[in-house]
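Hello,

Here is the structure I promised to hand over. Please open it first, then read the notes below it.

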Amino acid sequence: MGESLSEADQKLLDQIQLNLIQGVGPRIRRNLQEHLGSASQILKTPRQELLNIPGIGTKLANAIIYRSAKSTAEEELKRCRENGYQILSEEQDHYPSLLREMPDPPSLLYCKGSLLPEDELAVAIVGSRKCTIYGLQQAEKIAGALARAGITVVSGLARGIDKAAHQGALKAGGRTIAVMATGLSHIYPPEHQDLSEEVVNHGALVTEFPLDQAPVAGLFPQRNRIISGLSMGVVLIEAGRKSGALHTARHAHEQGREVFAVPGRIDHPASAGCHDLIRDGAMLVRSVEDILEGLGPAKTPVMTAQNREVHTPRELSLSEFERDILNLVTLEPQHLNEIVQSSSFDSSRILSTLTILEMRKVVKRLPGGYLVRTTN
């Protein structure tokens, strides 16, 4: 890396080094940070002080002291830069803001491809690897409809429902993000190499794991919290009662994200987990409109690729003309006559469209003939 490292690079190297140490998962890292501060401070902490922290045993303390990682932070950063991968840390502006809301966000996010501001309008689609034709069809159809509306589709690059979701978004010309449970140098499953390249060209592959992390069963549930964390809501399609996708639904619930489930045949075990979720309060999905209307507002208005400001996802299901009329309504109350006069459109058409927008809950009527744009 050369000898004259910038302060930012040194800080990033320390974060990478801590991330490389086996046994320092999200909860242990959060615990260390609460007691000691930054990654740089953790790595400088004397052994005895580390041992005083709950959850830190001799083996882990030694690993932190001796930095016993297969790869060094310098090599890791060099390889990332040579391959054009980004490593985003929580302190950086372009780290996804939705992830910051999580109780245990990834300290680092390795990214191949691009994360854009409009990816804040994202919905995850997850489900079983062993799914039926019906499940695959619904995943592709719903992902395609979300992508056409301007929603980024998030999934886990796995076989089955995940693959169909990514493909549905890609076929519709939309964006998709694949959250991996391996490092960027290990595409898993290996037969999804071509799919992963398509995802990179129209979105991103992201992971919290170092480059050389191979697939390990226990890392998949850990990865699932990032799938829900990147999304405003999670849609489950064909999740059996033992499906790993139910972990994602649980994470979504804990993170305050909306949970949706697509019903299947009541006598087929493939949808039993989805039916349980619907019984327990998840929103039933009949069409993409159910998802767009069920999602909460964006934390801050999101600028889409078409340079349109979106406050709530349900605005995305509006027609071009409806959007034009919506843009006449401001966040401050305005009188109906003022709104009509501000446009060259036919007044009767404006009035009928405003009624539709009110029914769609994107415009609210106030006493005295005033209207306001809703953001919740």
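Start with K171, which counts as exposed because its relative accessibility is 62%, over the 50% cut-off. Bear in mind that this is a predicted model.

K171 has a partner. Its side chain meets that of E140 in a salt bridge, 2.9 Å from N to O. K171 sits in helix α9 and E140 in helix α8 (residues 133-149), so the pair ties together parts that are 31 residues apart in sequence. E140 is partly exposed, at 26% relative accessible area.

How many salt bridges does a search of the whole structure find? The count is 18. Opposite charges on side chains can pair when the charged atoms come close.

Next, look at D119 and R175. Their salt bridge has its closest N and O atoms 2.8 Å apart. D119 is in the loop between β2 (108-113) and β3 (122-127), and R175 is in the loop between α9 (161-171) and β5 (176-179), so this pair links parts 56 residues apart in sequence. Both residues are buried.

D280 and R279 form another salt bridge, with the closest N and O atoms 3.1 Å apart. Both D280 and R279 are exposed. Through shared partners, salt bridges join R241, D276, R279 and D280 into one network.

Last, D290. This residue lies in helix α14 (residues 288-294). D290 counts as buried because its relative accessibility is 14%. A polar atom of its side chain lies 2.7 Å from the backbone nitrogen of R286. Beyond neighbours within four places in sequence, D290 contacts F260, L284 and V285.

Best wishes

Definitions and conventions
Residues numbered from 1 in each chain as written. Predicted model: local features only at pLDDT ≥ 70, side-chain atom pairs only at ≥ 80, totals over all residues. Heavy atoms only, no water. Helix = DSSP H or I, 4+ residues; strand = E, 2+ residues; numbered from the N terminus. Buried < 20%, exposed > 50% of the residue type's maximum accessible area, 1.4 Å probe, protein only. Polar contact = N/O pair within 3.5 Å; in protein donor to acceptor, adjacent residues only side chain to side chain. Contact = heavy atoms within 4.5 Å. Salt bridge = Lys/Arg side-chain N within 4 Å of Asp/Glu carboxyl O.
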